[in-house]
Amino acid sequence: MRYLIASDIHGALPAAEALTTRFHEEGADRLLLLGDLLYHGPRNPLPEGYAPAEVAKLLNGYADRITAVRGNCDAEVDQMVLDFPVLADYCILPAGEKLIYATHGHIYNGKNPPPLAEGDILLHGHTHVPAWTEFGQGNVYLNPGSLSIPKENSPHSYMILENGVFYWKDVETGEIYHTRVL
């Protein structure tokens, strides 16, 4: 299974279009979206190409291939326009002998981790900054960064997960800028 993992679209149509382009180019099987899909939130600037209704329509075309978790900017009203579940606080995915705890990051994060077994992976967005940091008891925190509003001079980015390897990629170029093997 090849996952394309992304976070923090924040209603930006150019970011969502770039995401779907990369989804096809990568030959991914599933989209794992880590929240903040349609609304930009009061703390963020209005992203370029802000068009949440159009983003919803575009993502709905991939509803059968999307797994999504709720971000701090996602609400029940968003679920009314999306054809895939978006209100779960987390999902758990198997990764060999380990588990990936995927969430947005506003509730569970490195400072407030979920119940993880030794070696499990905490995967979240929210910060808009790509990350690959060890913590806890052999645990790893991973973050794909943001598609629409990257912070700390990071690229507009996403991740690919395939065969136990995470690849961080620039959404504009498709180039890998970091790799992490489980």
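This report covers the sheets, cores, aromatic pairs and cysteines of a predicted model.

In soluble globular proteins, nonpolar side chains tend to be buried together. The largest nonpolar core here has 29 residues. Leu4, Leu19 and Leu33 touch the most other members.

Which elements supply at least two residues each to this core? They are β1 (3-6), α1 (13-26), β2 (30-33), α2 (52-60), β3 (66-68) and β9 (157-162). The largest share, five residues, comes from α1.

Leu33 shows how these parts meet. Leaving out residues up to four places away in sequence, Leu33 touches Ala6, Leu19, Leu59, Ile66, Thr67, Ala68 and Val69.

Another core lies apart from the largest one. This other core has 18 residues, including Cys91, Leu93, Val140 and Met159.

Strand β6 (residues 121-124) is covered on both faces. Ile121 and Leu123 are buried on one side. Leu122 and His124 are buried on the other.

β6 is joined in parallel to β5 by four bridges. It is also joined in parallel to strand β8 (residues 139-143), by three bridges. Leu123 takes part in both pairings: Ala102 stands opposite Leu123, and in β8 the bridge partner of Leu123 is Leu142.

## Aromatic pairs

A search of the whole structure finds six aromatic pairs. Two of them are set out here.

| Pair | Geometry | Centre to centre | Angle between planes |
|---|---|---|---|
| Phe23 and Tyr62 | edge-to-face | 5.6 Å | 85° |
| Tyr90 and Tyr101 | stacked | 4.8 Å | 15° |

Phe23 lies in helix α1, and Tyr62 lies in the loop between α2 and β3. The pair therefore ties together parts that are 39 residues apart in sequence. Phe23 has 2% relative accessibility and counts as buried. Tyr62, at 11%, counts as buried.

Tyr90 lies in strand β4 (residues 90-95), and Tyr101 lies in strand β5 (residues 98-103). The parts tied together by this pair are 11 residues apart in sequence. Tyr101, at 6%, counts as buried.

There is also an aromatic cluster. Trp132, Phe166, Trp168 and Tyr177 form it.

## Cysteines

How many disulfides does a search of the whole structure find? The search finds zero.

Cys73 is in no disulfide. The nearest cysteine sulfur to that of Cys73 belongs to Cys91, 19 Å away. Cys91 is likewise in no disulfide, and the nearest cysteine sulfur is that of Cys73.

Cys73 counts as buried at 12% relative accessibility. Cys91 counts as buried at 14%, and Cys91 is among the members of the 18-residue core.

## Gly174

Where is Gly174 placed? Gly174 is in the loop between β10 and β11. With a relative accessible area of 18%, Gly174 is buried.

Gly174 and Glu25 are 149 residues apart in sequence. In space, they are 9.0 Å apart, C-alpha to C-alpha. Leaving aside neighbours within four places in sequence, Gly174 is in contact with Arg22, Tyr158 and Lys169.

Note on methods
Residues numbered from 1 in each chain as written. Predicted model: local features only at pLDDT ≥ 70, side-chain atom pairs only at ≥ 80, totals over all residues. Heavy atoms only, no water. Core = buried A, V, L, I, M, F, W, Y, C linked by side-chain atoms within 4.5 Å. Buried < 20%, exposed > 50% of the residue type's maximum accessible area, 1.4 Å probe, protein only. Contact = heavy atoms within 4.5 Å. Phe/Tyr/Trp six-rings, centres within 6.5 Å; stacked < 30°, edge-to-face > 60°. Disulfide = S-S within 2.5 Å. Pairing = 2+ DSSP bridges.
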